[in-house]
Amino acid sequence: MTALASVASRPRADVGHAEMANAIRFLAIDAAEQAKSGHPGMPMGMADVATVLFGDFLKFDPTDPAWPDRDRFVLSAGHGSMLLYALLYLTGYESMTLDQLKAFRQWGSKTPGHPEYGHTPGVETTTGPLGQGIATAVGMALAERLMNARFGDDLVDHFTYVIAGDGCLMEGISHEAISFAGHLRLNRLIVLFDDNQISIDGATSLSCSDDQTARFAASGWNVCRIDGHDPQAIAAAIRLAKGSDRPSLIACRTVIGFGAPNRQGSEKVHGAPLGADETEKTRAALGWPYPAFEVPDAVLTEWREIGARGREARRAWIDRSRRAGNGDRSPFHDALNRKLPCAYAEAMARLIAKFATERPKLATRQASQQVIDVIAEALPNLLGGSADLTHSNLTMAKSQVPVRPGTLDGSYIHYGIREHGMAAAMNGIALHGGFIPYGGTFLSFADYNRPAIRLAALMGIRVIHVMTHDSIGLGEDGPTHQPVEHLASLRAIPNLLVFRPADAVETAEAWDCALRAETSPSILCLSRQALPTVRDGGKNNQVGLGAYVLVEPAFGRDVTLIATGSEVTIALEAAKLLAEEGVKAAVVSAPCFDLFRQQPRDYRAKVLGSVPRVGVEAAVEGDWARWLGDDGEFIGMTGFGASAPADVLYREFAITPAAVTAAAKRVIRRSN
């Protein structure tokens with residue numbers, strides 16, 4: 001047990017536990033009351049648990065919120081954000097002032113309605129969509145154990161704590177997450193369940209009869225039930241959980257809105273301020289006679305001492321890291337460094353040159369596998385995985401060793417058939433630091449990943465999704481597996497890079513872009529069918545431009561053909577057919593519209609040209625009209641696919657060189 005944990009339940013001479021917890025309660029009450037908006041019920045109910053956790057167990061230092069060996073605290077029940085904001089203020093985080101609490105939910109404040117990573121120091125992950133926090137925390141706990149296996153207790157020795165509510169555990173992602181955590185025996189993960197038996201509609205009995213402790217126990221967790229308002233019981237349960245060889249669930253029976261005479265225990269206190277009258281009655285009931293936002297000096301001093309206590313542990317960790325030999329320290333700090341090493345750039349350049357010289361005909365998923373084989377050796381912190389589709393996604397490098405229960409020094413994760421849980425865990429791994437996570441599934445299953453992908457984009461973290469079988473080109477598996485609307489829907493997510501490379505060279509360049517995108521998640525949409533190499537190499541990463549001219553006619557253009565992925569080959573063949581008829585067609589490969597949108601206006605105009613345009617993609621049109629203009633035409637899907645060989649599908653859905661040629665002639669005629 002760490003020195004910090006050994007002080008659990010220590011007596012406080014001047015300030016009692018109730019006063020410490022009430023400081024949290026009333027900051028939450030007052031903030032919601034001033035904002036006329038918010039969720040005071042959960043902070044009021046879980047204030048006792050949070051007081052014990054932060055006061056007696058959590059290893060943190062407000063002067064360095066990003067200290068690598070801090071404990072992670074995840075508020076999965078993100079609607080109770082004022083619980084966390086109150087704790088950040090009370091323990092002395094510099095940016096969390098009393099004025100910020102007074103500006104709760106207001107424009108520009110550090111106290112938005114749900115915790116936001118990167119916006120508020122001390123917030124480990126963005127939460128709000130229920131279940132995401134606990135699933136992300138699984139990734140954090142996994143990253144901690146993987147880093148510990150590599151670098152030892154002196155450098156990596158911390159816990160991940162989660163406060164989750166009924167809503168988090170009702171969401172389906174929670175089952176994926178707890179099953180996976182139990183399987184890997186992530187014993188540094190402790191979930192404090194706010195078991196208040198209330199949801200927005202009323203009592204949880206309206207919709208749920210689960211025995212949550214039995215459910216977690218069935219997934220291999222250590223479980224217990226306690227009175228969530230008894231500080232001694234809370235401390236004893238956390239102490240027991242810290243010594244467990246499994247992840248732990250502590251079901252804390254609480255009263256939502258604890259202390260509000262007419263609201264506690266009711267859904268009425270979940271998502272609305274108490275109101276002035278009930279607020280005053282709560283002050284009287286809990287013996288808190290202070291004005292709004294006032295915390296007595298003795299209470300605030302005690303909380304600030306708690307915040308200062310972690311400074312010694314952080315300094316001791318810094319000393320240990322300095323004493324460690326270069327062989328241990330350098331790889332550790334290299335792992336935490338977001339920059340790519342020189343060895344990576346050299347390896348990637350050699351591979352791209354190899355592809356350009358040999359010009360292989362490969363499915364882009366196969367090209368991606370060759371990329372992974374090369375970069376896995378150059379990037380020790382690359383952490384791969386797949387949702388039970390390793391041999392279809394081709395996501396495992398020859399050098400990678402699987403992560404297994406009791407063997408946590410590997411670099412490849414078998415996530416099982418848990419796409420949503422995988423995506424959230426990858427977020428947690430990225431947020432924890434030390435690894436660049438990537439994970440695979442089919443593009444048609446992106447909808448299972450989507451909520452976690454959206455949060456990754458919102459948080460601006462480097463997570464790479466390898467999504468294969470990217471079109472009707474997968475063939476016989478049929479419309480359930482053939483993504484037609486997914487490209488359009490994913491491209492609609494801000495700050496998400498969606499790549500659809502045309503050949504092996506573009507696939508390698510897309511990987512390079514994804515790895516260099518430190519503040520954006522990426523999706524690599526890769527083909528099942530083999531594609532010829534259409535690109536030469538070169539020093540500059542053309543995919544990084546988003547779109548570029550692949551073929552430029554010698555004497556000007558009559559039409560511009562724009563395509564992505566496997567359809568670039570179709571556009572090239574159409575350009576040859578048009579040339580035979582004297583029509584000059586430029587061909588543009590557009591592997592990433594998100595990056596193309598970021599290019600200067602002059603560059604975009606040069607690539608697109610001033611002549612009519614035809615777009616080609618084996619998917620629904622989406623926002624292609626932006627790139628094609630009013631006179632353009634799109635060749636693609638207008639409905640779902642079908643079960644048949646790939647070449648038959650392209651013919652029957654009229655995504656062919658002949659169809660593109662005909663469309664080109666039509667747009668030229670219309671423009672004349």
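A residue counts here as buried if its relative accessible area is under 20%, as exposed if over 50%, and as partly exposed in between, using a 1.4 Å probe and protein chains only. At 45% relative accessibility, then, Asp631 falls in the partly exposed class. The model is a predicted one, in which local features need pLDDT of at least 70, side-chain atom pairs count only at pLDDT 80 or more, and totals for chains, interfaces and linings use all residues. Residues are numbered from 1 along each chain as its sequence is written, and side-chain values use heavy atoms, with hydrogens and water left out.

Asp631 sits in the loop that runs between helix 23 (625-628) and strand 20 (633-635). Helices (H or I, at least four residues) and strands (E, at least two) are DSSP runs, numbered from the N terminus. Setting aside residues up to four places away in sequence, Asp631 touches Val667 and Arg670, where contact means heavy atoms within 4.5 Å. Asp631 and Ile668 lie 37 residues apart in sequence, with their C-alpha atoms 8.9 Å apart in space.

Another loop residue, Gly113, is found between helix 4 (98-102) and helix 5 (132-151). Gly113 has a relative accessible area of 17%, so it is buried. From Gly113 to Ser81 the C-alpha distance is 6.6 Å, although 32 residues separate the two in sequence.

Turning to the helices, helix 11 (residues 297-323) has 27 residues, which should span 39 Å at 1.5 Å a residue; its end C-alpha atoms are 40 Å apart, so the two values agree. The expected span is 1.5 Å times one less than the number of residues. Among the buried residues of helix 11 are Trp303, Trp317, Glu302, Arg309 and Arg314.

Helix 13 has 17 residues and reaches 25 Å from its first C-alpha to its last, close to the expected 24 Å. Its buried residues are Tyr344, Ala347, Met348, Leu351, Ile352, Phe355 and Ala356, and these pack against helix 14 and helix 19.

Two packed helices are described by the angle between their axes and the distance between the axes. Helix 13 (residues 342-358) and helix 14 (residues 364-378) pack at about 155 degrees, with axes 9 Å apart. That makes helix 13 roughly antiparallel to helix 14. Axes are lines fitted to C-alpha atoms, for helices over the stretch in contact, and angles run from 0 to 180 degrees between N-to-C directions. Angles under 35 degrees count as roughly parallel, over 145 as roughly antiparallel, 65 to 115 as roughly perpendicular and the rest as oblique. On the helix 13 side, the contact is made by Ala343, Tyr344, Ala347, Met348, Leu351, Lys354 and Phe355, and on the helix 14 side by Ala367, Gln370, Val371, Val374, Ile375 and Ala378. These contact residues divide into eleven nonpolar, one polar and one charged; Ala, Val, Leu, Ile, Met, Phe, Trp, Tyr, Cys and Pro count as nonpolar, Asp, Glu, Lys and Arg as charged, and the others, Gly among them, as polar.

Helix 14 also packs with helix 19 (residues 504-516), at an angle of about 50 degrees and with axes 9 Å apart. That makes helix 14 oblique to helix 19. Thr364, Ala367, Ser368, Val371, Ile372 and Ile375 of helix 14 meet Ala504, Thr507, Ala508, Trp511 and Leu515 of helix 19. This contact has eight nonpolar, three polar and no charged residues.
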